[in-house]
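Please look over the sequence and the structure before reading on.

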Amino acid sequence: MVQVKLFDCEHEQDLEEEINRFLSDLEHKQVVDIKYNIAALREAEDEQIYCFSAMVMYIN
């Protein structure tokens with residue numbers, strides 16, 4: 001059965017660490033695909049907020 005695991009972090013390094021931790025428990029052949037996305041939002045005080053997210057599709 002194909003399943004998904006979603007990740008959402010404010011920093012790209014945090015996202016990388018979380019995904020690598022998750023992938024370390026899987027075998028290479030279990031990973032089907034990884035989708036990656038970045039969103040940038042501007043706050044009222046010209047502060048920019050980033051959202052780094054990924055979806056790992058894998059066979060369980």
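How many strands form the open sheet, and in what order? The sheet has 3 strands in the order β1-β3-β2, with antiparallel pairing. The model is predicted, so local features need pLDDT of at least 70 and side-chain atom pairs count only at pLDDT 80 or more, whereas totals for chains, interfaces and linings use all residues. Residues are numbered from 1 along each chain as its sequence is written, and side-chain values use heavy atoms, with hydrogens and water left out.

**The sheet**

- Strands here are DSSP runs of E with at least two residues, helices are runs of H or I with at least four residues, and both are numbered from the N terminus.
- Two strands count as paired if DSSP finds at least two bridges between them.
- Strands of a sheet pair through backbone hydrogen bonds, either parallel or antiparallel.
- The edge strands are β1 and β2 (31-42), each of which pairs on one side only.
- From one strand to the next, the twist averages 15°; axes are lines fitted to C-alpha atoms, for helices over the stretch in contact, and angles run from 0 to 180 degrees between N-to-C directions.
- Strands β1 and β3 run antiparallel and are joined by 8 bridges; Gln3 stands opposite Tyr58 of β3.
- Strands β2 and β3 pair in the antiparallel sense over 11 bridges.
- Arg42 stands opposite Gln48 in β3, and Lys35 has Met55 in β3 as its bridge partner.
- The hairpin of β2 and β3 has 5 residues between the strands, and Asp46 takes a positive phi near 60° there.

**Aromatic pairs**

- A search of the whole structure finds 3 aromatic pairs; rings of Phe, Tyr and Trp (its six-membered ring) pair if their centres lie within 6.5 Å, and planes under 30 degrees apart count as stacked, over 60 as edge-to-face and the rest as tilted.
- The pair of Phe7 and Phe22 is edge-to-face because the ring centres are 5.7 Å apart and the planes stand at 65°.
- Phe7 lies in strand β1 (residues 2-9) and Phe22 in helix α1 (residues 12-23), so this pair ties together parts that are 15 residues apart in sequence.
- Phe22 also forms an edge-to-face pair with Tyr58, at 5.2 Å centre to centre and 70° between the planes.
- That pair links distant parts of the chain, with Phe22 in helix α1 and Tyr58 in strand β3 (residues 48-59), 36 residues apart.

**The nonpolar core**

- A nonpolar core is a set of buried Ala, Val, Leu, Ile, Met, Phe, Trp, Tyr and Cys residues joined through side-chain atoms within 4.5 Å.
- Buried means under 20% relative accessible area, exposed over 50% and partly exposed in between (1.4 Å probe, protein chains only).
- The largest core has 10 residues: Phe7, Cys9, Leu15, Ile19, Phe22, Leu26, Phe52, Ala54, Val56 and Tyr58.
- At least two residues of this core come from each of β1, α1 and β3, and β3 gives the most, with 4 residues.
- Phe7 is buried, as are Phe22 at a relative accessible area of 17% and Tyr58 at 11%.
- Leu15 is in helix α1 and is buried, with 2% relative accessibility.
- The C-alpha atoms of Leu15 and Phe52 are separated by 6.8 Å, although these residues are 37 residues apart along the chain.
- Leaving aside neighbours within four places in sequence, the contacts of Leu15 (heavy atoms within 4.5 Å) include Phe7, Cys9, Tyr36, Phe52 and Ala54.

**Residues with greater accessibility cut-offs**

- Arg21 is in helix α1 and counts as exposed, at 54% relative accessibility.
- Ile49 lies in strand β3 and is partly exposed, with a relative accessible area of 31%.
- Not counting residues up to four places away in sequence, Ile49 touches Ala39, Ala40, Leu41 and Glu43.
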